[in-house]
Structure formats: C-alpha cells, structure tokens
Amino acid sequence: MYYNGIYHLFYQYNPKGAVWGNIVWAHSVSKDLINWKKLDPAIYPSKPFDQYGCWSGSATILPGNKPVILYTGIIDKNNTQVQNYAIPADLSDPYLTKWIKPDNNPLIVADISVNKTAFRDPTTAWWSGDDGHWRISIGGRRRERGMAFLYRSRDFVHWVKAKHPLHSRGGTGNWECPDFFPVSVFGKNGLDTSFVGSGIKYVLKVSLDVTRYEYYTLGTYSNEKDRYVPDKGMIDGWNGLRYDYGNFYASKSFFDPSKNRRILWGWANESDSTADDVKKGWAGIQLIPRTILLDPNGKQLLQWPIEEVETLRGKKVELSNRKLVNGEKIEIKGITAAQADVDVVFSFDSLDKAEPFDSNWDRYDAQKLCSQKGSTVEGGLGPFGILTLASENLEEYTPVFFRVFKAKDEHIVLMCSDATRSTLKEGNGAYRPSFAGFVDVDLTEKKLSLRSLIDNSVVESFGVGGKTCITSRVYPTLAIYGNAHLYAFNNGTQTIKIDSLNAWSMNKPLKMNQ
C-alpha cells in the first residue's frame, strides 16, 4: 500500500528457513519502489485467532487516513481459517513499524455453508456511498466450484455474508488471493478500488490452487446487485486470460495515488529443488512491480514495468535496421547480460511464410505447442527473438521468442520463454518448462515488440507492449555474471529485421531490503 509518501510491502515469510511454514507478515518500506528497508514483521502468530499462522490478506485506507489490514488467521491444527484485522500502533510513525491485533478478532468466521479450511485472503475493501457499506471478497470453494465470497459492513468491524457470492465458477477448484478492482476504459490512469463512475470495467483475478496459475476476467459490477458478471466472450476458467503465463502467483494490486496508477506485484517461487533452496538459504522473490491498464481493445489488460526501474539503467547499446536471415544470431555486446533491460522491435516484410496452425492443436495450450515448436525448430515466420542468459557456446540459454501461425481466418502469434535448456545442472525436483502464451495482436504493420528484464535467475518478458507476459526462473551454471551472453536470433525461413534494439546494463538498487 501507499501511505503518507511511503510504499509498504507486506509479504508471507518464513523467518526460520527457506521452506514453507512458520508464516509471518514480513514488512518492508520504500520511497521509490526500488530501494527497500526491511522492518520487523508486522504480524506474527501470537493470539488464539492466529496462533497456527498469519496468512495472506490486504490493506485498506479508511476515512481519516487510517490504514487497516485484513488477514487470514489459522486457529487450529485442522487448518480452520478466520478473518482478522490489525491496525498501526502509532499513526505518527512514518514507517508504521508496529501493528496491533485487537482482541475483538476474529471479525469473520465461516458459517455452515462455507468450507472453513478453504476460506482465505480477504481483498482490499471497497466503499459504496449508495448504501453506506464496505465490501470485501474472500476466496474459497464449494466442492470443486471456486468462490469469491462477498461480505458487507457499515463499520468495518461487524461483517455480514451476502446471500450470494461476488462470483463463482464450477470446476475451477479453490480460489486463492482474489483481487477485485476497476479499470478505466478510456484513460491512462489507474483507479482507486472504491471508484464509481462511467467508463469503467472491473477486473476479478483469482489464483487457482489446483493449477498454480492466476486467471482474470473483465466484466461489470454494480453495488445494487452485488454481482460481478464477466463480459460476453470472456473465458471464465482454466483456459482464461492470465496476468503472466509463467512463474507468477499470489499477486496483489494496489492504487498508488501519488502517480494515479494501479500497481500489480506478483511472486515467483523457485523452480529448483527444495534442497537447493535450503543450500542457498532463501526461496521466492518479488518480481518487478508493474503498472496495469486496460488494453484499448477492451478485451484484456496491459502490464508494463514501473517507470522507476529505468533509474537502474546503466550503460546502453543500440542496434537498428539489422536483418536476421534463417539460422542467424548476433550477439548484443557491451552490457552486463546477466542483469539487463532489453527492448526490441522486430519487423518482417510478409506473412506468407507463416506455418499452418494445425486444427488438432489445442488453441488454449500454448505451453504444449511451445514445447513442440521450440526455438531451434525451423519455422516459416519465426521462431525469432532473443537468447537470454546464454553461455558462449550455447550449452545453456533461455530463449524468449515469437512464432507466427496461419489459421483459417486469422494469424496466431505464439510467445515462448523456454527454460528447458537454461542449465546443465541436474537435480530432482527441478522444474524447467516451456512457458508460453498467445498474443492477441494486429499484424497489419508486420511488427512485434519484446521487452525482457534479466536478473541472474529470472527473466521477465513483456510481449507487444505488455499484452502477453511470461516470467521464467532459471539457474545457469555457465552463463553467470560476466560469462552470460545475450543474442538476437532468427530460425525461420522468413528474414526478420531488427527495427530497433535498446539494451541497458542494470545496476543494483542501493538498498536491497536491508
């Protein structure tokens, strides 16, 4: 949250080791979203209503500029979940260092209709002046139906469950970490969670416990009916839109009033083995914060790294009007390839060589298609893109690339971030998938753009202005530090041109959560 000039990050943390368990609410603060100061945990198990765990939740700024946290507490060994609140001990403390958990907790207990072991992660509350109520949603399930339960309150203390959920969907399993907020149809600014007016759509995001991916829909909502309805044509389920088609989960957005933007922050766990996590002493990272806006087409969201990350840019190299024929690769020299920001625009003269999209392929399983049509499999229009965290002789590399297909009446663009060749390291428990997503883009101008943020063990990629985003966690053994290389490549028969390529070495923040 943003409060009195300070950004506050609360995150799930195990102070006793690099494995899951002993969860507390760790707390860090920043003035610029780049340099972070670590504080003592804000919330930790200490009372009967959270003695077995302090799980996820959200912050809300109440009238009078008073922040409050709603969070899920675990009350017994059976994993029974209740909803609690915490408030700052001293509002004059600029860092809000200490938090109090009042004794009138828990505020919300599951009734007989709710699965009390799948009842967690309250959202930021939104206010309706029409009826004078606050509202929140809480994730859960009823058998295999995912649920976003709805609760109302006049005073933020006494909460009443609505007769119907905000939204639900059969066959999706448990919903975690729901997020519900408005986005502007026409503007470039973000909106406060309680904003009411014309020209807006609503976003409902859920993290699916079964698939471990996040999905969202766009739709309409009214306080009168208290129901969220996805737009016609939205896929509401496992084949739906995702914030990120890679290693990205349990995200949370907040409104930043200092710059009138909505910021999305996601978590990426490790793709290595638990033994490796224990050995290095840490596990899990917060990804680069992203701004989030509605695509002008009204059918999806756009995400982009916050502008502050550009303050870390160092030495820059540029390339333009460079053709790449079939099988060609060129090295982007002069920057620190293990920590880089790369922004490139590719173009092509013709779509004629786009490969046929086989009608037997699953239109919604981009990852499977990428695993079959990798970066070394020659195509017509693609694969082309960049090879990140590459060793000198390409024993290791993580390619991020496009491939264009021709379906019956449209072109289909596949974007991949393929970790299968990212490391020579072997080990049980490692997860190195060919992450992929399709990109809904107009190819009239015959251009595709790509931006990738590379940071040693993570590659965050944004296709076509943030229409499709993919995060990969990788652990090279050769392509590390000064031995990492960066290439642009084309393995398609159609010649590709690099219209422009800008790449920067990226410096470390001055304060890395110290």
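L96 is placed in the loop that runs between β7 (81-88) and β8. The model examined here is a predicted one, and in it L96 adopts a positive phi of about 50° although this residue is not a glycine. With a relative accessible area of 0%, L96 is buried. K446 belongs to the loop between β32 (434-439) and β33 (447-455), and its relative accessibility of 26% places K446 in the partly exposed class.

One joins N105 and P106, with omega at about -5°, and P106 is located in the loop between β8 (99-100) and β9 (108-109). The other joins G382 and P383, with omega at about 10°; P383 itself lies in strand β29.

As to the overall fold, the secondary structure of the protein amounts to two helices and 37 strands. The radius of gyration is 23 Å, close to the 24 Å that the globule rule gives for 514 residues, so the protein is as compact as a globular protein of that length. The C-alpha trace spans about 70 × 50 × 40 Å along its principal axes. When contacts between residues at least 6 apart in sequence are considered, 62% of them join residues at least 24 apart.

In general, the strands of a sheet pair through backbone hydrogen bonds, in either a parallel or an antiparallel arrangement. An open sheet of four strands, ordered β1-β2-β3-β4, shows antiparallel pairing. Its edges are formed by β1 (2-3) and β4 (37-43), each of which has a single partner strand, so that one side of each is left without a neighbour in the sheet. Between β1 and β2 the antiparallel pairing extends over two bridges, and Y3 stands opposite I6 of β2. The hairpin of these two strands has two residues between them, and within this hairpin N4 takes a positive phi near 50°. Strand β2 (residues 6-13) is in turn joined to strand β3 (residues 24-30) by seven bridges, the two strands running antiparallel; L9 has S28 as its bridge partner in β3. Six of the eight residues of β2 are buried, so this strand is mostly covered, buried being taken as under 20% relative accessible area.

Side-chain contacts involving rings were also examined. The count of aromatic pairs comes to 31, and one aromatic cluster is formed by W126, F180, Y202, Y221 and Y228. Charged side chains lie over ring faces as well: R313 is over the face of W504, at 3.5 Å from the ring centre, and K280 is over the face of W282, at 4.9 Å from the ring centre.

A further lysine, K373, occupies the loop between α2 (366-372) and β29 (381-390). K373 has a relative accessible area of 19%, and because the cut-off for burial is under 20%, this residue is assigned to the buried class. Leaving aside residues up to four places away in sequence, K373 touches E355, W361, F401, R403 and F405.

How values were computed:
Residues numbered from 1 in each chain as written. Predicted model: local features only at pLDDT ≥ 70, side-chain atom pairs only at ≥ 80, totals over all residues. Heavy atoms only, no water. Phe/Tyr/Trp six-rings, centres within 6.5 Å; stacked < 30°, edge-to-face > 60°. Lys NZ or Arg CZ within 6 Å of the ring centre and 35° of its normal. Rg over C-alpha atoms; globule rule 2.2 N^0.38 Å. Contact = heavy atoms within 4.5 Å. Pairing = 2+ DSSP bridges. Buried < 20%, exposed > 50% of the residue type's maximum accessible area, 1.4 Å probe, protein only.
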